[in-house]
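Please look at it first.

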Amino acid sequence: MSTQGFSQAVAAHFDQLCVLLFDNLHSGEDLSANLAAEETLFLRLNNNRVRQNTDVRQSMLALRYQGGGRTVDQTLTLSSHLVHDGAAVLAALARCRSEAAVLPPDPFQVAMDNHGRSHEEFVGQLLAPEPLLQAIVGPADGCDMVGFYAGGTVVRANRNSKGQSHWFASDNFFFDYSLYDGPKAVKGVYSAAVWNPADWAANLQRSKGALALLQRPVQNIRPGAYRTYLAPAAFSDLVGMMGWGALSGAAWKQGRSPFKKLAEKELRLSPLLSINENFGMGLAPRFNELGEVAPECLPLISEGALANLLVSSRSAKEYGLQANGASGGESPRALDVAPGTLGASEVLAALGTGLYLSNLHYLNWSDPVSARVTGMTRYACFWVEGGEMVGPINNLRWDESLYDALGSQLLALGSQAEISPETGTYGQRNPGGVRAPGALIEGFNFTL
Amino acid sequence: MTSISHTVATALQFACKQVPWAAVRYSRESTTQRVVRNDVPQTNDTSTDEGAMCEVLLDGHFGYAATADLSAAGLQEAFSRAIETTRASSARKAHAFAARQRPAVSGSYRSARTRDLDTTGLAEIMDCLLAATAAMKGADTLVNRMAHAMLVQTQLDYFTSAGAQTSQSFDMVSLNLSATAAQGSESQTRSWSRTGQWGGEVFAREATVQQAQRIAAEALALLGAPNCPSSPMDLVLMPDQMMLQIHESIGHPLELDRILGDERNYAGWSFVQPEDFGRLRYGSELMNVSFDPTRSHEFASYAYDDGGNPATKEMLIEGGILKRGLGALESQERSGIPGVANFRSASWNRAPIDRMANINLEPGTSSLQELIGKVERGILMHTNRSWSIDDYRNKFQFGCEYAQLIEDGRLGAVVRNPNYRGITVDFWNCLAGVGRDDEAHGTPYCGKGEPNQVIRVGHASPPCLFRGVEVFGGQA
């Protein structure tokens, strides 16, 4: 089946099931249906050879039922056969009714509404397995390349019994890879809707160039506070921690937000820092699981001050806040950090003496109340002296408060922001990504 | 065996006209999540995930295609996709495998439980959860009181063209309570969980209410407690933190697919080298660690892995010496290192890889009081809240919810924001005491693999004493 053929078949099946479900609702009941479907080819490489290949076709339908002030969710896998799936969704509807009869009422239920219609399709051109493999591994011949290709069509759709309808389909791929030379490695990602051999060759060549720098003598850096440059991928990971409860309206009200002091204006971040939820990047659908359409651009942090928390309709109802199209989890779906003025050619001179970090690894809050995060350095990380890369470092553990690193210690942001596409595939391929520049930070704390 | 077996037989016949060996792994998993927060139902969600992974062996390469279309035509179409992709991949395969990596066995497994989850009513579960959040009510500073139940029922059947047929049925429960106390800019959370292969017996109202009351009181105590001091000191870890310590610093580094480099683009490599097996002193002589999928009620107990390999208890580390890796038959074939039956997938739509199952620290001889009595100046920590470790599994930093100082062999003041850090082998060689009474914990959320897979793991451990660990608190 072609990628467009998959999308069209899924759309027709989804429509038929929705009609069936909405026709079977009783008075006083409402139902929404969220579809997450994909056909994906996964290729896993080790040492530039194929370790595993998996081709997946899946469609998951998530139903939300409301009746009598109760809410029940039922999610099921679709087989693509109308008779089978029709019976399954009607059985799920019956289970919703029987559970609603037992549950206590939900005072914070958000009644369904018609939030309009939208339709977005991004058509790509993806290679068949054999030419794809040649295209990936050919230019990397002789390299110890470990990589992961995921490509195909991803669909997200929503309809409800109030007449709302949203559709998002995208053909795309990413190839997320590491080039190794012994224990040292460089990270790269190539992502697009059409495989372009020249773009892949250029991407790989940049990584090979960085790998050559790792041949310089290894520097053993002692724990301490160092002036540090976080390249865009590393800085994306650091600001990505804001998605772990920091920007959630509910987390703030429930005492769980690491940005409580920011939300209550007790502290502020650097005036250099502005962050938006920006669906204009086209990385993720604007509609959430309720079909609410988020603003195309929502300021989250403006010149260091909190502009908005992400607030779902349920949190808005429970806490008297203003909803802004956030999903139920209230995490950013399209984080966009505004660039600064530090040019790429000026980075090493501006850093002077300190650490250049290409990537971070395994971040976690270590002290949520002070927004302190711990993590590791990973991949191409260097000790720099007098604006010159001296050599790669042995990986270091760091432990640093965002209030400091993104506050008074933030010296500059890069003038060019780069997109780190979402490469998560837990259960399904996830659309989205983060756009961020690099960041120069004074006195970043390394502990082990 | 489920009703799908006839359709599978037809599909296997279809596949074997084109490849020498084929298999179907059928999975149906029902997961129900029920959440009550501050006495209000927040989530009532049931997800039923059903499908099949079609697997072929072609020119020495295993390849996969997944489908939720369980008709004969659907499985055949998936086999056609698997064959096309595997044919393209086999010329560039990482290793040449054979059908012996998929033993032709037959058998079945069913989780131990007292009451089937099927017979545990919604009203009973809601009553337990509502009672728990009500029991946490008290001070105005208890701003968030949550009770969460996850009930999982899984049917997992495996069929191969060589005649293997296994059928496994699992009932699993994760019951989690948490209480957050907040005042001013300070906030502290205390939690409790019971996790594993259980049935409806988990929803015991009175026992759950007692745990709810305890964690609410402890969250309030933490709110008024001083910060954990920062200095090297002796450390007693309780089983609900030992779980994480075992998982991150023993389980992951011993995975053979990591050692072989498969995970280098995602989760990372390992400090363990192939030549370390049989030689490396991983920890002190008190350290004995097993892979044990046979222990009843742990989260990752099973009879066969997803390649049909019968699962048995094996010692990974004995007397502190590394003996065996966490690698299934494919990794054993590639590395020549002894392994275990741990070829596991998250669901029907993911290929199996080397995973942990139940990785347990074997009990010693000391009571908890005896461990505490050995400490002149130290700290006892409960329940993980923060975890991070490097991609070679060396430098870790873990944080806990709740701690008490130990002075002259006695438990003392409660302190908040307790953390510790160390380097894996150095840390385990500081193991100076192993308790005699173990507890089994686990998590349903161990992430690994490309494509990503989250899987259930179990870890049983007694309390343990470590000497001279770098301990520190939060920002003042």
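A nonpolar core is a set of buried Ala, Val, Leu, Ile, Met, Phe, Trp, Tyr and Cys residues joined through C-beta atoms within 7 Å. Buried takes 20 or more other C-beta atoms within 10 Å of a residue's own, exposed 12 or fewer, and partly exposed lies in between; C-beta atoms are placed from the backbone. The model is predicted: local features need pLDDT of at least 70, side-chain atom pairs count only at pLDDT 80 or more, and totals for chains, interfaces and linings use all residues. Residues are numbered from 1 along each chain as its sequence is written, and chains are lettered from A and ligands numbered from 1 in the order in which they are written.

Q: Which residues touch the most other members of the largest nonpolar core?
A: That core has 224 residues. Another core, of 29 residues, lies apart from it and includes A:Leu17 and A:Phe168. In the largest core, the residues asked for are B:Val24, B:Cys54 and B:Phe79.

Q: Which strand gives the largest share of the side of chain B that touches chain A?
A: Contact is counted when C-beta atoms, placed from the backbone, lie within 7 Å. By that count, 64 residues of chain B meet 75 residues of chain A. Strands are DSSP E runs of at least two residues, helices H or I runs of at least four, both numbered from the N terminus. Ten residues of the chain B side come from residues 40–58, strand β2 of chain B.

Q: What is the bridge partner of A:Asp55 in β3(B)?
A: Strands pair if DSSP finds at least two bridges between them. In β3(B), A:Asp55 is partnered by B:Ala65.

Q: Which are the edge strands of the open sheet in chain B?
A: Four strands of chain B form this sheet, in the order β11-β10-β9-β14, with antiparallel pairing. Within this order, β9 and β10 pair over three bridges. Strands that pair on one side only are the edges: β11 (321–322) and β14 (359–361).

Q: Which strand of chain A gives the most to the side of domain 1 that touches domain 2?
A: An automatic or database assignment sets the domain bounds, with domain 1 at 3–212 and domain 2 at 224–446 in chain A. Their contact takes 29 residues from domain 1 and 23 residues from domain 2. With six residues, the top contributor on the domain 1 side is β7(A).

How values were computed. Contact = placed C-beta atoms within 7 Å.
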